[in-house]
Amino acid sequence: MTLVAAPARLSTTAATFEADFAARLHWSADTDAAIEQRVADILADVQKRGDAAVLEYTARFDGLSAPHMAALELTQADFKAAFDAIPQAQRDALQAAAKRVRSYHEAQKKASGESWSYRDEDGTLLGQKVTPLDRVGIYVPGGKAAYPSSLLMNAIPAHVAGVQEIIMVVPTPVRGSVATGGTGEGTSTKGERNELVLAAAYVAGVTRAFTIGGAQAVAALAYGTETVPKVDKITGPGNAYVASAKKRVFGTVGIDMIAGPSEILVLADGTTPPDWVAMDLFSQAEHDELAQSILLCPDAAYLDAVQREIDRLLPTMPRAEIIAKSLTGRGALILTKDMEEACAISNRIAPEHLEVSSTDPHRWEPLLRHAGAIFLGAYTSESLGDYCAGPNHVLPTSGTARFSSPLGVYDFQKRSSLIEVSEAGAQVLGTIAAELAYGEGLQAHAQAAEMRLTTPVKPR
């Protein structure tokens with residue numbers, strides 16, 4: 001059967017554009033009630049029974065049977081052995097990517113992650129103390145998917161922020177287990193480890209790691225068990241069970257975000273080779289059938305050319321079936337009146353990845369307000385950002401770039417306000433505070449401020 005990738009062809013001048021556009025963007029974030037209940041049960045069980053529950057669920061879902069949690073813990077020697085075992089080219093690539101990611105986040109910390117203070121005219125000190133979290137948990141997918149790049153993007157900014165302990169959980173399911181899409185009838189004492197992920201843990205400096213996954217891993221990190229230490233925050237992507245678990249433990253611990261399907265939006269002026277743009281659309285479509293790839297351009301002939309390249313290149317893709325379903329189900333080639341309108345539509349979408357494929361990208365960048373990451377110019381493919389450009393690839397999806405930001409050093413820090421009021425400052429601030437406190441009917445607040453005054457305010 002011949003595969004066809006048929007993104008919707010829309011035009012902003014069409015009478016039905018708004019309805020067609022809304023239908024193409026629609027994605028339901030509603031969760032499956034059965035998943036939600038199962039996750040709630042697992043979280044409660046792990047919170048109650050600790051290691052025993054984690055071992056039971058790991059055997060049931062991952063097919064990985066272990067007598068105790070120590071058997072599921074990876075060691076620094078495991079990381080080093082994996083690093084030594086992978087090809088030299090992969091070692092070099094991991095280290096080069098890590099160096100760039102680290103440099104970027106060090107610059108980010110210097111710009112926005114340092115403590116600061118000043119004194120006002122009365123000598124009162126005001127400021128902010130920035131301190132790192134003590135311990136964080138990083139979820140790294142395993143089984144069907146393994147993402148060493150995601151490990152780097154989570155662990156390195158945590159290190160740069162000053163986090164002392166980074167606890168990684170990474171499932172290593174047995175082939176044929178529930179986690180790999182099998183029946184789960186058999187178990188083994190050894191799961192499938194991804195050597196590149198373990199090598200990345202060595203490069204990124206992970207402190208401890210456990211071969212557990214799913215909601216049970218999130219629960220272990222959030223509540224702590226006899227073996228797995230309780231963390232302050234959990235970051236990293238996962239499946240629907242992981243996402244549901246992260247939502248439920250938020251408040252007990254911090255989380256980074258709840259990510260939806262991958263997205264790319266390309267703003268093109270028609271000057272970039274159309275096969276480049278077609279492949280950029282593929283780069284997100286190959287992730288998932290629900291991934292979204294959209295092209296905005298004021299040149300109809302260019303949209304035709306990109307579609308021809310999609311048709312030509314699709315059969316060469318190993319994940320052609322996923323790409324075809326993604327582009328047909330959620331993709332779009334949209335004809336705009338001009339680039340200004342394309343920028344306005346982009347702001348409405350607030351995409352995860354935004355490519356400005358233009359000879360003059362800096363002309364359009366000031367018009368773009370909402371995006372997880374903006375890739376400027378024809379040579380800046382989104383895939384470079386995924387692996388080694390430097391900025392973090394953990395980005396807001398599903399329009400949440402309107403109010404949230406990429407993962408960064410700031411996600412592994414917290415801020416405390418600093419206030420040191422001078423005697424002179426207490427005379428000014430105390431009068432203001434007492435007046436407002438009496439207005440709110442809070443006598444103790446007012447009197448605490450008045451005790452520092454040389455001329456107290458009289459109660460009303």
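Me: Is alanine 19 buried or exposed?
Reply: Alanine 19 is exposed, with a relative accessible area of 53%. Buried means under 20% relative accessible area, exposed over 50%, and partly exposed in between, with a 1.4 Å probe and protein chains only. Please note that this is a predicted model, in which local features need pLDDT of at least 70 and side-chain atom pairs count only at pLDDT 80 or more, while totals for chains, interfaces and linings use all residues. Residues are numbered from 1 along each chain as its sequence is written, and side-chain values use heavy atoms, leaving out hydrogens and water.
Me: Which helix does alanine 19 lie in?
Reply: Alanine 19 lies in helix α1. Helices (H or I, at least four residues) and strands (E, at least two) are DSSP runs, numbered from the N terminus.
Me: And which residues of α1 are buried?
Reply: In α1, residues 17-25, the buried ones are Phe17, Phe21 and Arg24. They line one face of the helix, because they fall within an arc of 65 degrees seen down the axis of α1; the arc is that of the directions from the helix axis to the C-beta atoms. The face turned away from this buried side carries the exposed Ala19 and Ala23.
Me: What do the buried residues of α1 pack against?
Reply: Their partners include the strands β1 (8-11) and β11 (292-297) and the helix α12 (320-330). Contact here means heavy atoms within 4.5 Å.
Me: New topic: where does isoleucine 432 lie?
Reply: Isoleucine 432 lies in helix α16. At 47% relative accessibility, isoleucine 432 counts as partly exposed.
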